[in-house]
Amino acid sequence: MLKLYGSLFSRASIIKWYLEELNVPYEFVNLDMKAGEHLKPDFLAINPIGKVPAIVDGELKLWESGAILLYLAQKYSQVSSSLETQATFYQWVLFANSTLATGIFIETNREKEMPRLLGPLNDIFSQQPFLLGDQFTVADVAVGSILSYIPIMLKLDLSNYPAVLNYMHNISLRPAFQNTIGARSN
């Protein structure tokens with residue numbers, strides 16, 4: 001069985017969300033970060049950087065939430081074999097983990113980057129329910145998780161982006177979301 005390593009308030013909840021969307025059984029290994037369990041030799045053998053999340057799936061040891069999401073999407077046939085389609089998924093997952101996250105969560109970037117990032121997302125969600133059209137994908141887990149952390153962690157006013165707010169509301173109704181990221185805001 002796939003093992004997911006993380007802590008209760010870490011990006012492991014993003015991976016949990018996607019695993020539950022896929023109905024993939026997994027064991028969650030909760031590391032006590034305050035006690036330094038992520039820096040012990042057993043975990044460093046999985047991720048020598050000592051950060052979570054990380055997974056062990058058979059012989060595979062993989063870390064970085066974006067890499068894990070893309071691996072799961074490919075393993076469970078959520079991504080087309082078309083190189084062009086795969087590149088689109090990579091684009092959105094990398095955008096979420098780098099551009100969107102740093103634009104929103106690094107305070108010095110926020111004033112300049114938030115309108116630049118959320119404006120185009122608002123336009124997309126004004127025209128379609130999910131990033132890539134009518135179907136929920138790994139791209140929505142990556143981008144949706146970052147957006148969903150905004151009210152949990154920052155309490156920013158997003159009223160200028162009504163379609164983004166609607167998107168966030170709609171994904172928050174998904175049972176897999178409610179069991180994972182949604183549980184953090186309760």
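The centres of domain 1 and domain 2, taken over C-alpha atoms, are separated by 21 Å in this predicted model. The contact draws 16 residues from domain 1 and 24 residues from domain 2, contact being heavy atoms within 4.5 Å. Domain 1 spans 1-74 and domain 2 spans 78-182; such bounds come from an automatic or database domain assignment. Residues are numbered from 1 along each chain as its sequence is written. In this predicted model, local features need pLDDT of at least 70, side-chain atom pairs count only at pLDDT 80 or more, and totals for chains, interfaces and linings use all residues, while side-chain values use heavy atoms, without hydrogens and water.

About 1,700 Å² is buried between domain 1 and domain 2, with 68% of it on carbon and sulfur atoms. Buried area is the accessible area (1.4 Å probe) that two parts lose on being put together, summed over both. One salt bridge is found across the interface of domain 1 and domain 2 (a side-chain nitrogen of Lys or Arg within 4 Å of a carboxyl oxygen of Asp or Glu). Glu21 and Arg174 form a salt bridge through their side chains, at 2.8 Å, N to O. On the side of domain 1 that touches domain 2, α1 (12-22) and α3 (65-75) each supply at least two residues. The largest share of that side, eight residues, comes from α1.

Asp57 lies in strand β3 (residues 54-57). Helices (H or I, at least four residues) and strands (E, at least two) are DSSP runs, numbered from the N terminus. Beyond its neighbours within four places in sequence, Asp57 contacts Leu2, Tyr71 and Lys75.
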